[in-house]
Amino acid sequence: MIIIIGILVAIIIMLLIYNIVIHKKIQQFNNLSRQANNLRVLQDFLSTVGECSTVDEKITKINDILIEKYEIKYSTIVVFDGAEYQVKASNVDKKHWDTLKRLQEVPIFKDSVATATPKYVTVNNENERLDYQESEFGRAKSAIFFPIYIENVYIGYWIIESGVPHDFDNIDTTIFEVVKENIVSVLRTVVHQKTLEAIVRKDLFTGLYSEEYLYTEGKKIIDKYTQSAVCMFRITNIEEINDNYSRKLGNQVIIETSDYIKNNISKEYLFIRYMGPKFVIVFSGIDTDSVVEFITDIKNEIEKLKISLKTENIEEKDLGEAKVQKKKEKVKQEVSPKLNFVLTTYYKGTGMEEVLKKLEQYIDSADKTENDITCI
């Protein structure tokens, strides 16, 4: 009997050890599974950064990924834009956004912001509502608030919500901490782009967008296609016109040259003033060979232009008591622009700034008298 009991005890101990080992392996598997899922989400985040054009589109897409991958009922990302807090992405009805963008003012979340730690809030039954809710009694019954910091600077928050009381009681918040850090990483990468979007301007002389447009709104048009032809040209005799005639006449040359191209180019193509007498045309979805003839025609027509400044002289004739004024237009010196073109290919997913830098280097290093069309 003692032997049998000993054997049973040994078997029980072995089973306990086996169960412990299996439990650890399951935990390891779950950890690996969560890590793999987080890695896939991060990869989706990084793909979003490359695929979407504007900062707001990127943040919205990131929020959509969070909702899908983690099966979150409601997810909202709020960011301080330098002047006020703005809901950058949310699947909550817009009528609740005014409430959602003021959560940092709610007492239950102030400690969370101050200590940079998440805050979990819930209700005990369906008849209660969360402290921060105003006109949304039946929508959310539990929520986790995550303050967002970049380099120790508080910039906003991410809040996830559920319509079920105590829905997040047993959830592993460390997973969402990792997700929050991924959100921070993406927000950090788009800070520079947001700055670019804010400084896009139209040139006063030509009415054309500045270079930054190609990295923001213009990118949406360009990246509809796998490749596009990018052309930079320079008015090579602009300094000569400024020095020998006047800067005002030089400005008129820039205006009429750009106007001619604006009036003869498709709306699908982007035409911007790059810097000074340098301009860029992006032929979206077109290869370089297909645009050479068009550029040649444009170049020839522009160089035929006779550009001048005109003044009005008023002549008076004395006819007794009446004086007759006659305006007579006097034409000053006429000049024609000379253009030097360089052309290359842009491939979707590569850096447009690097392409433009290559074109600019060629234009700047070319002989001042060069007046041609070159493919590089």
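Select Cys-231 to begin: with a relative accessibility of 0%, Cys-231 is buried (under 20% relative accessible area, where exposed means over 50% and partly exposed lies in between; 1.4 Å probe, protein chains only). The model is predicted, so that local features need pLDDT of at least 70 and side-chain atom pairs count only at pLDDT 80 or more, whereas totals for chains, interfaces and linings use all residues. Residues are numbered from 1 along each chain as its sequence is written, and side-chain values use heavy atoms, with hydrogens and water left out.

The structure holds zero disulfides (a disulfide being a pair of cysteine sulfur atoms within 2.5 Å). For Cys-231, the nearest cysteine sulfur belongs to Cys-375, 9.1 Å away. Cys-375 is likewise in no disulfide, and Cys-375 is partly exposed, at 46% relative accessible area.

Next, colour the whole chain by secondary structure. The chain has 10 helices and 12 strands (DSSP runs numbered from the N terminus: helices are H or I of at least four residues, strands E of at least two). Of its 376 residues, 41% count as buried.

Now select Thr-206, in the loop that runs between helix H5 (173–199) and helix H6 (217–222). Thr-206 has a relative accessible area of 2% and is buried. A polar atom of the Thr-206 side chain lies 3.2 Å from the backbone nitrogen of Leu-208. Apart from neighbours within four places in sequence, Thr-206 contacts Ile-254, Ser-258, Lys-262, Arg-273 and Phe-279 (contact meaning heavy atoms within 4.5 Å).

The structure holds 16 aromatic pairs (rings of Phe, Tyr and Trp, the last by its six-membered ring, with centres within 6.5 Å; planes under 30 degrees apart are stacked, over 60 edge-to-face, the rest tilted). Select Phe-109 and Phe-145: the pair is stacked because the ring centres are 4.4 Å apart and the planes lie at 15 degrees. Phe-109 belongs to helix H4 (residues 107–115) and Phe-145 to strand E4 (residues 142–150), so the pair links parts of the chain 36 residues apart. Both Phe-109 and Phe-145 are buried.

Tyr-149 is partly exposed at 24% relative accessibility, whereas Tyr-154, at 18%, is buried.

Notes
A polar contact is a pair of N or O atoms within 3.5 Å; within protein, one must be able to donate a hydrogen and the other to accept it, and residues adjacent in sequence count only if both atoms are side-chain atoms.
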